[in-house]
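Here is a friendly walk through one protein model, written for someone who likes to know the cut-offs behind each term. Have the coordinates open as you read.

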Amino acid sequence: MEAALGLMRRMPPRHSETTLSALLSLLPGHSSDLLSQVDLPLQVSSDVVSGQKFILCEYNRDADSYRSPWSNKYHPPLEDAPYPSSKLRQLEIEANDIFTVYCDQYYEGGISSVYMWEDDNEGFVACFLVKKDGSKTGQGRRGYLEEGTWDAIHVIEVGPDEEVTRYCLTSTVMLSLTTDDVSSGTFSLSGSIRRQMNMNLPVADGHLSNMGKMIEELEGKLRNSLDQVYFGKTREMVCTLRPSNEVVHMSLPSS
């Protein structure tokens, strides 16, 4: 099981579904553990009631149906499906409205969805999802990428309502991009990163305010890590293996 999870961490996100399917065939006894611990690239569907798009994941699925955060309906319809309480549903509606604005400000568009459900510790769990398609045919505004996706998954466990409540945030970001340009040629880069944050915050500020601050802070750290590790190291290797003509000219001895 540990080796399987290590393999999934090292596979490019675009190949994760194929790899997971193969691992499930090899390790049928660990299917539940693999499905609960492995994050896959997010998929999108349309709400037939509201007409809005929403994100599919394990956190809004029951059997083969997925609940939309906009209409609170399952697609396709499902009998005896689980729903959040009326109080939690109202918080979920507010969170979706706020996160739509967050997505537009930080991602210049994209699709977001927020799901909430009660847990066994008298608290609740919230899942904030963002999918940004930055390809030429998607939501990319600059047209540099032939293909490009950013999938962000933020799962927050919230403790029981007290004056100071414990929040545990686990964030995963999956990045995949491909260029096909005359100047740069064909280039592909993909990877994923996961981090966790725990904080005790006063409930007087509101759950949405507390969760929003944590997501904003941790997502900023993830962006910086991706920039330094993936882009920084790639830039370093490219410049080392293919120095520019000016650098080569300066290194040659004078005649």
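Which side chain makes a polar contact with the side chain of serine 171? That of histidine 154 does, at 2.7 Å. A polar contact is a pair of N or O atoms within 3.5 Å; within protein, one must be able to donate a hydrogen and the other to accept it, and residues adjacent in sequence count only if both atoms are side-chain atoms. Setting aside neighbours within four places in sequence, serine 171 is in contact with Ile153, His154, Ile193, Arg194, Arg195, Leu218 and Leu222, where contact means heavy atoms within 4.5 Å.

## How to read the model

This is a predicted model, with residues numbered from 1 along each chain as its sequence is written. Local features need pLDDT of at least 70 and side-chain atom pairs count only at pLDDT 80 or more, while totals for chains, interfaces and linings use all residues; side-chain values use heavy atoms, with hydrogens and water left out.

## The chain as a whole

The protein chain has six helices and ten strands. Of its 255 residues, 38% count as buried. Among contacts between residues at least 6 apart in sequence, 52% join residues at least 24 apart. The accessible surface of the chain comes to about 15100 Å², and 52% of that belongs to carbon and sulfur atoms; these areas come from the Shrake-Rupley method with a 1.4 Å probe, and for residues only the protein chains shown count as cover.

Helix H4 (residues 86-107) has 22 residues and reaches 31 Å from its first C-alpha to its last, close to the 32 Å expected at 1.5 Å a residue. That expected span is 1.5 Å times one less than the number of residues. The buried residues of H4 are Leu88, Arg89, Leu91, Glu92, Ala95, Asn96, Phe99, Tyr102, Cys103 and Tyr107. Seen down the axis of H4, these buried residues fall within an arc of 150°, so they line one face of the helix; the arc is that of the directions from the helix axis to the C-beta atoms. Turned away from that buried side are the exposed residues Ser86, Ile98 and Gln105. The cover over the buried residues of H4 includes strands E4 (65-67), E6 (111-118), E7 (124-133) and E8 (147-158), along with helix H5 (207-241).

In helix H2 (residues 16-26), the residues Ser16, Thr19, Leu20 and Leu23 are buried. They fall within an arc of 100° seen down the axis of H2, so they line one face of the helix. Thr18 and Ser25 are exposed on the other side of H2.

## Backbone details to check

Most residues other than glycine have a negative phi, and most peptide bonds are trans. Against that background, a cis peptide bond joins histidine 75 and proline 76, with omega about -10°. Proline 76 sits in the loop between strand E5 (74-75) and H4.

Aspartate 80 is in the loop between E5 and H4, and its phi is near 55°, a positive value. Aspartate 80 is exposed, with a relative accessible area of 79%. Asparagine 72, in the loop between E4 and E5, has a positive phi near 65°, and at 17% relative accessibility asparagine 72 counts as buried. Just after H4, glutamate 108 takes a positive phi of about 55°.

## Serine 50 and the cysteines

Serine 50 lies in the loop between strand E1 (43-46) and strand E2 (53-56). The side chain of serine 50 makes a polar contact with the side chain of aspartate 47 (3.3 Å), and the backbone nitrogen of glutamine 52 lies 3.3 Å from a polar atom of the serine 50 side chain.

How many disulfides are there? With a disulfide taken as a pair of cysteine sulfur atoms within 2.5 Å, the count comes to zero. Cysteine 127 is in no disulfide, and the nearest cysteine sulfur, that of cysteine 57, is 4.7 Å away.

Notes: Helix = DSSP H or I, 4+ residues; strand = E, 2+ residues; numbered from the N terminus. Buried < 20%, exposed > 50% of the residue type's maximum accessible area, 1.4 Å probe, protein only.
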